[in-house]
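Hello,

Here is the structure you were expecting. My notes follow below it.

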6 protein chains.
Amino acid sequence: MNILIVNPNTSQSVTDLIEAEARRTASPDTTLTMATAPFGVAYIETRFEALVGGYATACAAAEHIGKFDGLIVAAFGDPGLAGIKELFDVPVVGMTEAALASACLLGQRFSIIAISNRIQAWYRECVAANGLSSRLASVRSLQEPLRDIGSVQEDHSARLEQMALQAVEQDGADVIIVAGAPLAGLARSLKGRIPVPVVDGVSSAVRHCESLVALSAGSAKQGSFARPPRKPNLGLPPALAKLLD
Amino acid sequence: MNILIVNPNTSQSVTDLIEAEARRTASPDTTLTMATAPFGVAYIETRFEALVGGYATACAAAEHIGKFDGLIVAAFGDPGLAGIKELFDVPVVGMTEAALASACLLGQRFSIIAISNRIQAWYRECVAANGLSSRLASVRSLQEPLRDIGSVQEDHSARLEQMALQAVEQDGADVIIVAGAPLAGLARSLKGRIPVPVVDGVSSAVRHCESLVALSAGSAKQGSFARPPRKPNLGLPPALAKLLD
Amino acid sequence: MNILIVNPNTSQSVTDLIEAEARRTASPDTTLTMATAPFGVAYIETRFEALVGGYATACAAAEHIGKFDGLIVAAFGDPGLAGIKELFDVPVVGMTEAALASACLLGQRFSIIAISNRIQAWYRECVAANGLSSRLASVRSLQEPLRDIGSVQEDHSARLEQMALQAVEQDGADVIIVAGAPLAGLARSLKGRIPVPVVDGVSSAVRHCESLVALSAGSAKQGSFARPPRKPNLGLPPALAKLLD
Amino acid sequence: MNILIVNPNTSQSVTDLIEAEARRTASPDTTLTMATAPFGVAYIETRFEALVGGYATACAAAEHIGKFDGLIVAAFGDPGLAGIKELFDVPVVGMTEAALASACLLGQRFSIIAISNRIQAWYRECVAANGLSSRLASVRSLQEPLRDIGSVQEDHSARLEQMALQAVEQDGADVIIVAGAPLAGLARSLKGRIPVPVVDGVSSAVRHCESLVALSAGSAKQGSFARPPRKPNLGLPPALAKLLD
Amino acid sequence: MNILIVNPNTSQSVTDLIEAEARRTASPDTTLTMATAPFGVAYIETRFEALVGGYATACAAAEHIGKFDGLIVAAFGDPGLAGIKELFDVPVVGMTEAALASACLLGQRFSIIAISNRIQAWYRECVAANGLSSRLASVRSLQEPLRDIGSVQEDHSARLEQMALQAVEQDGADVIIVAGAPLAGLARSLKGRIPVPVVDGVSSAVRHCESLVALSAGSAKQGSFARPPRKPNLGLPPALAKLLD
Amino acid sequence: MNILIVNPNTSQSVTDLIEAEARRTASPDTTLTMATAPFGVAYIETRFEALVGGYATACAAAEHIGKFDGLIVAAFGDPGLAGIKELFDVPVVGMTEAALASACLLGQRFSIIAISNRIQAWYRECVAANGLSSRLASVRSLQEPLRDIGSVQEDHSARLEQMALQAVEQDGADVIIVAGAPLAGLARSLKGRIPVPVVDGVSSAVRHCESLVALSAGSAKQGSFARPPRKPNLGLPPALAKLLD
């Protein structure tokens, strides 16, 4: 099975983090292909940045059309996800929705640990769009500016662990979601030290994408996730334009 | 006061419809500037098309930076709206949110009349993102393929009126929203024939944008609608890149 | 255009505050007429006081029937508003619903700054009746007794500003609503000092009422906002009784 | 125990219907006193009529202050109820909230059978204000004009029974609420013929009011149901004015 | 009237507490029969314990079939309640739903005071299953381990009172619910010292069960609370098996 | 990896259906063990039947303690699931929650196709307990009595397919969930003929359980899914009693 993972952020260092965690999780017979957003920002924290990253992800994925059995949009907040699902007749999985699926199977209420204060609103709206606000115990985040997006985990490990514990003890979280591609892999190191399950977005996305491909539930020929109706278009990258024809 | 209206669809004929209705509504001392999405699809009906249209709208608006006091995103469904609001320190108003504001001030529950079946899911999700699902009585839409996006109103006038009446009588709508830029102006012709208020998105957007500019409530320097934090970016159109620096 | 503004509180000093702010906002060609509740309490803070104030507002407005193109119910909490909308075939706008409309167009989540602890429950229920609880970040209020309803703004200016800042920093408010007719105009003085948009109820109501009149969306002949069905009535003030016949 | 029942409608015939049903239900040691709204409309169907009826009910009840241990607001839709609860330090029960309490104890989802189409919106909003929309299976109502408010039950008995059956079979109702004082007693005659519990508002209100008095849970000295704060008032009936001092 | 009260906990001391409070409340002509769960745990705090207690309650009640006119499931959290309602054609009332009914009739928002931290999740989910989360102001609980389930009230009286006051002052509770059979009767002793109504589950359940029996609204022959369809069963206690045939 | 699958129904024929579908899906290195409820009913359709089935499932699973890495509760409606999760420190997955997870990853709104009218209420409440009511497009079910629970698929294949199509075309379903263990495998045969993804509960549960085991997110030592606190218990099967000590 071939899975394409697109990083909607433009940082290669984040792509590398995602790839490392994804390879640790993927089944032996899964082939992973990585791609990085061809345009956009280094690290998505806001709705506008997600808008750009979502479109960039669609453009990147379109380049690989026909070569993947499943697609992962690998930024927490799932930039452009619902739209991208319309484009392809294979499973398309977002990091947030995958983490939410894991968390919901492991407990009733979850908390999200995030890397910046600004990112909270976008994450909350993403949870709401998934219809799961009633299961969100809290979002907690680092408050200080980040020195380097590639080393957030090491720079702030004590604070990240402390926030996870507070979410359990003060917010009633049954499960902790460690959010954001820059925190890929943190769940593993936190696990022994947090008294509830800790969920990672990248590994959840890889597993759930593999599952959906394996379940082969069929694709949408009708309904709101079918390919957009054919109509005139303009100024799109050739791969994308071809996809819409 | 200068208001920039960007049509997220690429059809000039739709831009012309919007402009005609906007000029009818705008105050004498308001100067309107029209822009059309530089890339995307002729008429947005799906989440993916809205993703492209949202980004295209941001690109188009960035070209005019400093020359407008208010910005209108003139497609129902408000493509990219929340993200675009982060970019500018002037009021940014979407056609849907403007129509919803008018409808909420005119009654308790509203129905949306739309031009295609496919467009319904996107509209519903837009209403939900506005937190107003509990006030949505129904969405009703044309089912047949459209001959020409520029002449929907004339081609289907009897059916559109019938759907509005059904929404009042069967769905309990207190207000009718005629949705979609191609239906701009239809509210005026329907009005005498529908026994409840009928709301148009373009004229609502123009009025509410003028109001917000006049109220000068201030812009977001903090919180989730402040300008995105400065960070490395890549491959953005120059006007947009400049805006993020 | 003629707009009638009724103050559901019986305090002339509050009517004067409302009028001052309304005149600052109204278009040059709008004629404002002020009225004060003929019975009720000096300042509405509770559901019962709102019940009386709502009926008193209806009585006052009925006296002016035929002389206004739009009606504003000028107390936060919108006493009697939905009922009063049934009576008149012109737009009727409440201070709260107008402030909520402005706030929703300016951001996703808003906080309300209020003048007394007691008033919070009534405001929360009003937001809920508007279907907007999911967008309410918080309500914060003065706790101490008020020396004089006409001078709340000056007496408590530092505390009011502090609460607005806390709402932004601690509650995640994208927009601040300064609630209550006694705080009319405070938004203007706060604006430079609060890092998000600040919304005032009176000026929002005036602008939105003017917009609805200008949009002339039509009135309700059917549905739940049509005039109440004719039936025997008893003991109503003559102007009101006439309206129901 | 003394219970005062106020009919917010001005029709003596409806008061008589309410009284007959209430006497059938009340405990032997309960003394019932009836009062009829001193002003308002013959039969409340709309929000405005409820506004008047709510205030009229408060005025009527204030005349009896000190002479009752519990108060019932005897119109479905509970006009003015939350406000009236603030006034008295004895239990105040509305017909709708009482019927909802019975229905919720008898099943998960309920349907409401009503006497006019117009009344539906008001009822729905009342259920929503009680926070119980998720348990409302449907509202069904007579559509035709009523010949006489005092004889609705006899005039439309077959249609009322049919609607109750449809609610069970088509809408998934576990319980039927027969709504509106003019239908007081209908539940008894329907009961054998409907395959789920049928709830009557008047008898529910009498029983629940007796229960609350007996439970003597205490009254609100603080919080949002405490007596409104003392403040200047104007033009209120003497009994009401005295209550607020 | 005969009412059977089943304690889903296996502690006889808790059954005694419940019985004492129930006898204080019951009408003179009500005969109470007590039963204790024949298997399960001493005091239910978790979902699993409630699962066992719910089934044990059904088994206990089935032994008394034909001898009661109403049944009370006397543990807060209402273990197995909705299922048990399907079994009997007489009213079945849970302690939580009864307390919620009382609280909703006495105010808009309520807080729950509970005896252990662990029990909070179960209570919250029970409130949610009743559709009343929007009226829940807070849940507050003792944090320390309990010395003896039979003497919680005396051991922790000061802390319990303090939590109730905090719920009023900090959480906006209009009503306090004292939750859990081990706190039966505490409401009476707290009442004078808490400035809002205080509701007790046992006495509410007794009163509301008596009311439902008296109202004789009929039982479910169809719909989701009718007796389960006949089908093969296996390994059930004889009384229960007989009930299903 | 060892996975224990417990059928909460007592029918061996249903266990066989589940096993066949599970073996088709499981990874080569997964060992499946099947168990059937030792007591209860042949096929669970109601809340009471689910109460018994949930407890029976716990009893059955406790017999296998220490021999499984993951547990599947294999009846749609997830009888006893949240309680059972508290008992084991390995992942416990329900058929419904697994199907919902798959459906949510494949689209926005889903419909459930069920085998009897009676079962609908239980399914709806299960979806609500998962917090996903806003994504439920509809539940459609067979209406006629079932000849044989083991042959539902063949007996009603045309009707089941028709209901799935209606859910897509009339209810706006993006995904179809074929619900109930007796329909295990139907998704595969329907797939080519339904124009949207079709989800099966058994195969979803197997895949998601395998994923959770592989992700090894850790178990709950605190919070609401930790093992219930030690306390006296009575009359439990030895394996279960041991688990609680």
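Chain A has an open sheet of four strands, ordered E7-E6-E8-E9, with parallel pairing. Strands here are DSSP runs (E, at least two residues), numbered from the N terminus. Two strands pair if DSSP finds at least two bridges between them. Strand E7 (136-141) and strand E9 (198-200) of chain A are the edge strands, each pairing on one side only. From one strand to the next, the twist averages 25 degrees. Axes are lines fitted to C-alpha atoms, for helices over the stretch in contact, and angles run from 0 to 180 degrees between N-to-C directions.

This is a predicted model: local features need pLDDT of at least 70, side-chain atom pairs count only at pLDDT 80 or more, and totals for chains, interfaces and linings use all residues. Residues are numbered from 1 along each chain as its sequence is written, while chains are lettered from A and ligands numbered from 1 in the order in which they are written.

Back to the sheet. Strand E6 (residues 110-114) and strand E8 (residues 175-178) of chain A run parallel, joined by four bridges. Ile113(A) stands opposite Val178(A) in E8(A).

Now the domains. An automatic or database assignment sets the bounds. Chain A is given domain 1 (2-95 + 204-244) and domain 2 (97-200). Their centres, taken over C-alpha atoms, are 22 Å apart. Domain 1 of chain A puts 26 residues into the contact and domain 2 of chain A puts in 21 residues. Contact means that C-beta atoms, placed from the backbone, lie within 7 Å.

Best wishes

Notes:
Two residues are in contact if their C-beta atoms, placed from the backbone, lie within 7 Å.
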